[in-house]
Amino acid sequence: MRIDWNHYDPGQHFDELIAAAGQPRPAARALAQYLRALSDQELAARKAAAELAIVEMGITFTVYSEGQNIDRAWPFDIIPRVIAAAEWARIERGLAQRLTALNHFIDDVYGDQKIIKDRVFPAELLAKSANFRPQCVGVRPAYGVWAHVCGSDLVRDADGSVYVLEDNLRVPSGVSYMLENRVVMKRVFPELFENQAIAPVDAYPTQLFDTLAAISPRPLDYPQVAVLTPGIYNSAYFEHAFLAQRMGAELVEGSDLVVGDDDCVYMRTIEGLARVDVIYRRVDDLFLDPEVFRADSQLGVPGLMRAWTRGKVALANAPGAGVADDKVVYAYVPDMIRYYLGEEPIIPNVPTYLCHEPKSLDYVLSHLHELVVKPANESGGYGLLIGPQASRRQRAEFAARLKADPRNYIAQPTLDLSTVPTLCDGRLEPRHVDLRPFILQADRTHVTAGGLTRVALRRGSLVVNSSQGGGSKDTWVVDGSADTVDPAAD
């Protein structure tokens, strides 16, 4: 099908590319003109080329189904999301501000707990936090930073406003797909990158290594960095291997590491034991060290927490950082920014009802048909209720859960998520998207230019997770003054 923007109708949604029928947004004009000039055959050929590249590059993700692990080719749409550079500059500042405040909060709750003493954050919420680790109290990581890698999910509502939907601080994933999406797009549309000012993203592995190197307990130019993976059956194993390779780091499993009598961590190699300075761990807290957490864990390293607390090895993200990766804690981030930084939040939260508050719970129970209800510590789109799409029975079941454990739930209005034109079964249709930028923090802060745009490929769906039928797009941060691109010049 040939693209005709005059017949593309985003409806009442805010579309990231098209402001109204036949009217591209300024930053997307060059892209829209280029796509409009492609013939049916050319567009189909570019789509096929992208699908072939994904297979050749081995870009996969894993879906757990009926006890089996099924590797699938990464679902990708060739029409990118475009964000104006001027708008992105503000978002970038807001993300850096947010992670700075979150790291102050984590450092505080494992230290003096001033935010609780000053009654800015309720003590009872911390007492009932599923991810607060008493074993981390009194530890002081380098620079006071606990969450070195954060993936904050952003959404845009119908009026164009950008909100933070949630913060992912435990083991945030997806950055490898952001990087590979860009590689695929450069293969498929090289001429667009030659003629437009599209901000690059390929420095991320270097920035990640520099962030990890900065927290090394030994002052080396090139400390030994290892990526700790649960193994090949983990759904994010592709990313673990990808990042280790790009950083020039070692990819290890728990059985590859040992803690010596000197409390240092060593890696088993064919030449003997080699000391490890920094571990970028992709293993959840409770599986990190069987001496401290789950005794039955086969994924971690006995003695690892001892090595970390004694300053012999650095861990990223630090154990216990997940205390801020809680959707109830999320509601207090604007207050954290004011408390720790003395600033107003640059990017607002989505309005949130805290179900542990009696008045909010009453409101949520009487408005379940209008709201999205989320458990505090689930991820991947699991365990939530989308009220307008739920049956009466599902709402009743969820109401019982809320009454039984109100601390574990929040509720938010059902946002009218923005859309991006997407090729679906030979047709161009709007599909809802979110955006996960990645923020790095240690001695300095880096924010990716754009991030991973996730798209709900099913018509009308708001669930963007790949494990539940979602896909992805490349994200372009573009100077609004970009030149028009002539496809005939290719």
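Modeller: In this predicted model, Val-372 is positioned opposite Ile-386, a residue of strand E17. The two strands concerned, E16 (residues 371-375) and E17, are paired in the antiparallel sense over 2 bridges. They belong to an open sheet of 4 strands, whose order is E15-E18-E16-E17 and whose pairing is antiparallel.

The aromatic rings come next. Over the whole structure, a search finds 13 aromatic pairs. One of them is formed by Tyr-110 and Trp-146, which are stacked at 4.8 Å centre to centre, with 25° between the planes. This pair links distant parts of the chain, 36 residues apart: Tyr-110 lies in the loop between helix H3 (85-109) and helix H4 (114-117), and Trp-146 in the loop between helix H5 (123-127) and strand E6 (149-156). Tyr-110 and Trp-146 are both buried. An edge-to-face pair is made by Phe-121 and Tyr-332, with 5.1 Å centre to centre and 75° between the planes. Phe-121 is in the loop between H4 and H5, while Tyr-332 is in the loop between helix H11 (327-330) and helix H12 (333-341), so this pair ties together parts 211 residues apart in sequence. Phe-121 counts as buried because its relative accessibility is 2%, and Tyr-332 is buried with a relative accessible area of 10%. Ring pairs also join Tyr-110, Phe-132, Trp-146 and Trp-308 into a cluster.

The charged end of Arg-25 sits over the ring of Phe-14, 3.9 Å from its centre. Likewise, the ring of Phe-193 has the charged end of Lys-186 over it, 5.9 Å from the ring centre.

The volume of the largest cavity is about 50 Å³. Its lining consists of Arg-81, Ile-83, Ile-91, Leu-154, Val-155, Arg-156, Val-162 and Leu-435. Strand E5 (76-84) and E6 are the elements that give two or more residues to this lining, and E6 gives the most, with 3 residues. By class, the lining of the largest cavity comprises 6 nonpolar, no polar and 2 charged residues.

Terms used: Residues numbered from 1 in each chain as written. Predicted model: local features only at pLDDT ≥ 70, side-chain atom pairs only at ≥ 80, totals over all residues. Heavy atoms only, no water. Phe/Tyr/Trp six-rings, centres within 6.5 Å; stacked < 30°, edge-to-face > 60°. Buried < 20%, exposed > 50% of the residue type's maximum accessible area, 1.4 Å probe, protein only. Lys NZ or Arg CZ within 6 Å of the ring centre and 35° of its normal. Pairing = 2+ DSSP bridges. 1 Å grid on protein atoms, 1.4 Å probe; cavity = no way out; pocket = protein on both sides within 12 Å on 5 of 7 lines; lining within 4 Å. Points joined across faces, edges and corners; volume = space filled by probe spheres on them. Nonpolar A, V, L, I, M, F, W, Y, C, P; charged D, E, K, R; others polar.
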